[in-house]
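Please examine the sequence and the model before working through each solution.

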Amino acid sequence: MRLRDRLGLPPSMGIRTKLVLGVAFVHLLLMTIFVFDLVQRQREFLLAELSNRTLHHAQVLAVASSAWVLADDLVGMEEVLESGVRGGGVQYAMIVDPQGRVLAHTKREITGRFLIDRESRNALSGRQEPHVYFETEKSLYAAAPILVAGRLIGWSMLAVDKSATSEHLSYVTRTGLAYTMVAIGIGTLFALLLSRSILRQLRFLLRGVDNLHSNILDRPVQVVAEDEVGRVASAFNRALASLRSSLELLNREVIERKRAEEALRRLSRRQVGAIEEERKRIARDLHDELGQALSGMQFCLKSMQGEAERSNSSLEAPCQKLSSEVERMGVSIHRIANNLRPATLDHLGLLPAIEALIAEQLPAMGGKLSVKTDASGFRRRLPPDTEMIAYRIVQEGLNNVIKHSGASHVHLQLTVNHPNLIIAIHDDGMGIDGHRDGTVEGTFEHGIGLIGMQERAAAVGGKVDVKSRRRGGTTLRAELPYAEI
Ligand SMILES: Nc1ncnc2c1ncn2[C@@H]1O[C@H](COP(=O)(O)OP(=O)(O)O)[C@@H](O)[C@H]1O
Ligand SMILES: [Mg+2]
């Protein structure tokens with residue numbers, strides 16, 4: 001578990017909070033150690049001083065009372081004790097003989113009794129010099145031998161109040177705590193001022209990042225500091241400037257590319273238009289001129305045949321053969337002209353032209369291929385070039401199915417979904433050669449039929465996709481945007 005979690009701090013702390021908490025914590029820690037150490041030293045010092053004073057006091061009592069003890073003068077001893085207990089926090093004082101009998105006591109009623117507590121008895125049997133023989137929370141007990149010519153004639157004993165020391169120590173502790181608070185306060189203030197100067201630059205940086213996020217690249221970050229954060233802000237500005245210039249370059253390139261694409265599309269459209277025009281012209285010429293000529297020939301041949309029949313000439317049979325040849329030629333020319341430019345498309349529209357196309361192509365398959373056609377959304381005629389391109393795509397698509405797929409069913413779907421005409425041709429054939437491992441996008445690198453479809457579609461801003469699946473057939477999908485007419 002992390003310290004932050006243990007302290008119950010929120011997961012996302014700001015720099016200011018961290019700085020303030022850190023400084024406050026360090027101040028608290030250092031000041032606590034300092035105050036603790038100070039109080040300990042003070043305690044030792046004060047206790048040493050108190051025990052010195054007490055020992056001195058006991059010795060003074062011992063010296064002052066020795067003559068009175070020697071003379072066994074109780075009044076004298078009591079006077080010495082009286083004057084000895086004045087001031088210095090003495091709780092009581094007494095003079096005892098070496099056996100522990102109280103000769104004189106500041107509390108008179110105790111005079112004559114024997115000391116029975118263990119500490120006092122130990123004190124009497126201890127070393128013959130002033131010493132502290134017992135200590136409690138509140139009091140310090142000392143004894144000094146009363147010696148005359150090196151002979152022990154008694155002990156002066158006294159108890160001193162320690163509470164003054166404790167009070168002083170608690171005063172020192174209180175003052176220490178107050179200083180700790182002041183130190184924390186000053187530290188926090190300092191941390192706040194420091195964080196203000198750091199955060200100011202950071203705030204500008206954050207605003208810059210927000211701007212970047214909202215794609216505003218022309219507003220550099222204001223640099224207000226010369227420290228590391230300031231350097232980061234300058235680096236951010238440099239990165240922003242280079243990003244902006246790269247983007248401008250990219251935009252220019254995109255615009256140029258779009259322009260080039262548009263020009264290419266226009267060219268392509270014109271090319272497709274020109275090809276269609278040319279086909280139309282050739283179809284018309286074939287129909288009008290060759291067709292007319294053939295009709296003339298047919299008429300001549302018919303009358304020649306009639307003449308030969310009447311004159312019973314041997315030319316009748318060749319004339320008949322020639323006439324049926326010319327008739328077949330006429331049919332061929334009609335078919336070629338129709339292929340070049342289906343008249344149905346111009347006169348009746350896309351769907352009838354496609355139906356005619358299917359009706360014309362299917363017999364070539366010997367009834368092995370069934371075609372299902374679905375059309376939806378055709379409410380009115382589409383623009384002529386959209387119809388023409390759609391017709392050519394269906395024509396080439398069906399051709400490919402017949403030529404390459406070996407399919408037995410083909411499903412043709414034509415959907416008008418403004419602004420697009422969508423053509424889908426799905427067959428259940430063998431799939432495109434070389435694309436037999438899974439579904440792939442057509443790459444259009446095999447023949448010119450697919451490339452031609454793509455170019456025609458691109459000329460009106462559309463596209464053609466081919467997907468082929470191993471033994472799962474081929475799906476050709478074209479999307480042709482059209483403008484409503
Ligand atoms: N429906 C299809 N089923 C199987 N293979 C196809 C199909 N359509 C196209 N192909 C393959 O893609 C190639 C390219 O077709 P295309 O560009 O129309 O050229 P072409 O028909 O002149 O060969 C064809 O040669 C054929 O191998
Ligand atoms: Mg083809």
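**Exercise 1. Identify which helices each supply at least two residues of the shell around ligand 1.**

Step 1. The helices are α10 (384–405) and α11 (448–459); helices are DSSP runs of H or I with at least four residues, strands are runs of E with at least two, and both are numbered from the N terminus.

Step 2. The largest share, five residues, comes from α10.

Step 3. In total, 14 residues surround ligand 1, and the closest are Glu396, Asn400, His404, Asp427 and Leu450; a residue counts as near when one of its heavy atoms lies within 4 Å.

This is a predicted model, in which local features need pLDDT of at least 70, side-chain atom pairs count only at pLDDT 80 or more, and totals for chains, interfaces and linings use all residues. Residues are numbered from 1 along each chain as its sequence is written, chains are lettered from A and ligands numbered from 1 in the order in which they are written, and side-chain values use heavy atoms, without hydrogens and water.

**Exercise 2. Describe the polar contacts of ligand 1 with Asn400, Lys403 and Asp427.**

Step 1. For ligand 1, a polar contact is a pair of N or O atoms within 3.5 Å.

Step 2. Oxygen atoms of ligand 1 lie 2.8 Å from a polar side-chain atom of Asn400 and 3.3 Å from one of Lys403.

Step 3. A nitrogen atom of ligand 1 is 2.9 Å from a side-chain N or O atom of Asp427.

Step 4. The protein buries 83% of the 530 Å² that ligand 1 exposes when taken alone (Shrake-Rupley method, 1.4 Å probe).

**Exercise 3. Compare the radius of gyration of the protein with that of a compact globule.**

Step 1. For 485 residues, a compact globule would have a value near 23 Å; the rule is 2.2 Å times the number of residues to the power 0.38, and the radius is taken over C-alpha atoms.

Step 2. The protein has 61 Å, and its C-alpha trace spans about 205 × 50 × 35 Å along the principal axes.

**Exercise 4. Locate the cis peptide bond from His418 to Pro419.**

Step 1. Omega of this bond is near 10°.

Step 2. Pro419 lies in the loop between β7 (409–417) and β8 (420–427).

Conventions:
Polar contact = N/O pair within 3.5 Å; in protein donor to acceptor, adjacent residues only side chain to side chain.
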